[in-house]
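Dear colleague,

Please find below the structure that I am handing over to you. My findings follow directly after it.

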Amino acid sequence: MLKVALITGGNSGIGKACACLFAQRGYAVAIAARRMELLDKVKQEIIDEGGEVVAIATDVSVKTEVDQLVAAVLDQWGQIDVLVHSAGIAHSGSVLETDEKLWDETIDINLKGTFLVNQAVLKGMVKQGRGAIVNVASDAGVTGARNLAAYCASKGGVVLLTKAMALDHSKQGVTINALCPGPVETPLTEALSPQEMDLWKSMLPIPRFASAIEVAEAAYFLAHAPYATGSCLVLDGGNTAGGAI
Ligand code: NAD
């Protein structure tokens with residue numbers, strides 16, 4: 001039976017790991033992100049492994065592009081069973097170091113992008129009476145983190161938007177959950193200096209970063225856990241147990 005997963009941010013890091021994992025497990029996969037060259041690379045990797053995939057360049061903060069993305073996936077396969085919304089950005093800085101442009105960009109991509117993509121996909125899922133949504137938030141949206149003011153605000157918003165949507169739509173057959181990773185080895189954290197990385201690792205109860213595939217496995221679990229909705233699964237090496245970092 002056909003199963004379709006839409007993975008935003010599917011050309012890099014956690015989203016790429018999710019796309020490859022869902023394809024390996026029999027899903028037809030649609031990957032969406034801004035950079036087409038990277039999307040084409042991941043698309044080819046999935047095809048080489050025998051998977052079915054389409055790649056669609058999309059800016060998740062632009063409603064017309066999001067609506068076109070979802071329409072294109074529905075045109076292709078007629079259904080979306082799973083959404084993993086992983087597209088996101090991170091800028092460091094306290095509130096005093098965050099100018100309005102950086103604030104707007106972070107909220108537009110991380111929070112408004114989650115709203116737009118979830119809204120567009122939910123319409124079809126509610127109509128078909130089934131579906132699973134996994135929004136990739138962050139442990140920094142659960143406890144807050146130093147020097148990441150706009151990012152924390154955006155990811156805290158993603159966690160509560162997820163819970164609110166779960167309350168509104170779980171009786172319509174759709175589960176909606178947030179996945180909150182701690183530090184993960186992806187291009188996003190490659191910007192950290194080796195000293196910063198060592199410091200973060202030393203402060204974590206499990207003193208290493210997660211791999212993207214570990215996070216993808218958790219996303220796969222959440223997408224196949226029929227009694228989980230409105231939950232926030234923290235996968236953070238123990239970071240939020242005591243606010244280590
Ligand atoms: P990444 O930089 O490898 O991937 C981010 C993806 O988002 C890329 O595919 C990029 O193209 C896409 N993207 C960014 N802005 C976009 C936009 N406007 N429209 C469409 N796509 C856009 O980083 P990652 O670590 O894989 O991050 C994935 C998600 O996981 C993000 O939401 C991030 O906040 C979250 N996260 C990451 C970590 C970490 O330590 N890496 C920890 C917690 C949460």
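Strand β2 (residues 28–33) is joined to β3 by six bridges, and the two run parallel. Within this pair, Ala-28 stands opposite Glu-52 in β3. Helices (H or I, at least four residues) and strands (E, at least two) are DSSP runs, numbered from the N terminus, and two strands count as paired if DSSP finds at least two bridges between them.

This is a predicted model, in which local features need pLDDT of at least 70 and side-chain atom pairs count only at pLDDT 80 or more, while totals for chains, interfaces and linings use all residues. Residues are numbered from 1 along each chain as its sequence is written, and side-chain values use heavy atoms, with hydrogens and water left out.

The sheet

Seven strands form an open sheet with parallel pairing, in the order β3-β2-β1-β4-β5-β6-β9. Because β3 (52–57) and β9 (232–235) stand at the edges with a single partner strand each, one side of each is left without a neighbour in the sheet. From one strand to the next, the twist averages 15°; the axes behind such angles are lines fitted to C-alpha atoms, and angles run from 0 to 180 degrees between N-to-C directions.

Two loop residues

Thr-58 is found in the loop between β3 and α3 (63–77). Thr-58 is buried, with a relative accessible area of 3%; buried means under 20%, exposed over 50% and partly exposed in between, with a 1.4 Å probe and protein chains only. A polar atom of the Thr-58 side chain lies 3.1 Å from the backbone oxygen of Ile-56.

Asn-147 lies in the loop between β5 (131–136) and α5. Although Asn-147 is not a glycine, its phi is positive, at about 65°. With 43% relative accessibility, Asn-147 counts as partly exposed.

The ligand

Of the 29 residues around the ligand (a heavy atom within 4 Å), Asn-11, Ser-12, Tyr-151, Lys-155 and Thr-186 come nearest. A polar side-chain atom of Tyr-151 lies 2.6 Å from an oxygen atom of the ligand. A polar backbone atom of Ile-14 is 2.8 Å from an oxygen atom of the ligand, and a backbone N or O atom of Val-60 lies 2.9 Å from a ligand nitrogen atom. The protein covers 95% of the 810 Å² of accessible area that the ligand has on its own, by the Shrake-Rupley method with a 1.4 Å probe. The elements that give two or more residues to the shell around the ligand are α1 (13–24) and α5 (149–169).

With kind regards

Key:
Polar contact = N/O pair within 3.5 Å; in protein donor to acceptor, adjacent residues only side chain to side chain.
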